[in-house]
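Here's a quick tour for anyone meeting this structure for the first time. Have a look at it, then read on.

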Amino acid sequence: MTHLKQLSHALTTPLLTGLALLSSGSVWAHPGHDELLENSSLMAGLLHPLTGFDHLVMLIGVGFIASQMAQRTHAVRVMVSAIVLLLAGMAMGALSGFATGIEAMILASVGVAAVALYRRQGAASTLLSTLAVSLVLFHGWAHGLEASGNALAGFATGMIGSASLLISTGYLLGRKVSPKWQSAMVAVSGVVLVLAG
């Protein structure tokens, strides 16, 4: 237990500093995205979850949620579901063109994930965790709207690769960091998103 406390204290300052740096406009999820798409849709997809702060936080948050599952098969199901929902959202955004409220749902997903991590036991936790992972759909939806038909396949391929890496990283970190710290990190990130928006 002492080692976990030391680890969480050692991670707190760098994580909060990183969150503050990432909240600058240049690394937000959506502005300036068109130039990347014009040059290489695959590269844009690979980089976007790493440089889009809202996606970075949510995907690591999904990994945190998966790390709290009692059985490994449940953890894998959570991670795979998030990837499938991300792809489904991209398809729905590309096909529908409907954009009203997408950014609000993306922001809400971070808040729901923070609460789900805080309430890590019981039926309410299961419901909140399911809801948080389901809201990943809107992260994909936003990109289905942005990417043109020609760029969408390459972008989706790159984004799924990076998203899988971030979810796995969140899972591995979540096995080492207390759920209360996980919740606090996601909640602070949500506040940064609101203030920067």
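## Before you start

Keep in mind that this is a predicted model. The helix to find is α4, which covers residues 53–67.

## α4 against α10

Start with helix α10, residues 179–196. Its axis sits 10 Å from that of α4, and the two pack at an angle of about 160°. Angles over 145 degrees count as roughly antiparallel, so α4 is roughly antiparallel to α10. The crossing of this pair is left-handed.

Who does the touching? On the α4 side, the contact is made by Phe-53, Asp-54, Val-57, Gly-61, Phe-64 and Ser-67. On the α10 side, you'll find Gln-182, Met-185, Val-186, Ser-189, Val-192 and Leu-193. Sort the residues of this contact by class and you get seven nonpolar, four polar and one charged.

## α4 against α9

Next up is helix α9, residues 149–174. Here the axes of α4 and α9 come within 7 Å, and they cross at roughly 45°. That angle makes α4 oblique to α9. This crossing is right-handed.

From α4, the residues involved are Leu-56, Leu-59, Ile-60, Val-62, Gly-63, Phe-64, Ala-66 and Ser-67. They meet Ala-163, Leu-166, Ile-167, Gly-170, Tyr-171, Leu-173 and Gly-174 of α9. The class count for the α4 and α9 contact is eleven nonpolar, four polar and no charged residues.

The largest cavity holds about 30 Å³ of space.

Its lining is made of His-55, Met-58, Leu-59, Leu-86, Val-136, His-139 and Met-159. Which helix gives the most to this lining? That's α4, with three residues. Helix α8 (136–146) is another contributor: α4 and α8 each supply at least two lining residues. By class, the lining has five nonpolar, two polar and no charged residues.

## To sum up

α4 is roughly antiparallel to α10 and oblique to α9, and α4 also gives the most to the lining of the largest cavity.

Key
Residues are numbered from 1 along each chain as its sequence is written. This is a predicted model: local features need pLDDT of at least 70, side-chain atom pairs count only at pLDDT 80 or more; totals for chains, interfaces and linings use all residues. Side-chain values use heavy atoms; hydrogens and water are left out. Axes are lines fitted to C-alpha atoms, for helices over the stretch in contact, and angles run from 0 to 180 degrees between N-to-C directions. Helices (H or I, at least four residues) and strands (E, at least two) are DSSP runs, numbered from the N terminus. Angles under 35 degrees count as roughly parallel, over 145 as roughly antiparallel, 65 to 115 as roughly perpendicular and the rest as oblique. A crossing is left-handed if the near helix is turned anticlockwise from the far one by less than a right angle, and right-handed if clockwise. Contact means heavy atoms within 4.5 Å. Ala, Val, Leu, Ile, Met, Phe, Trp, Tyr, Cys and Pro count as nonpolar, Asp, Glu, Lys and Arg as charged, and the others, Gly among them, as polar. On a 1 Å grid over the protein atoms alone, a cavity is a set of points where a 1.4 Å probe fits but cannot get out, and a pocket is an open set with protein on both sides within 12 Å along at least five of seven lines; lining residues have an atom within 4 Å of a point. Grid points are joined across faces, edges and corners, and a volume is the space filled by probe spheres set on the points.
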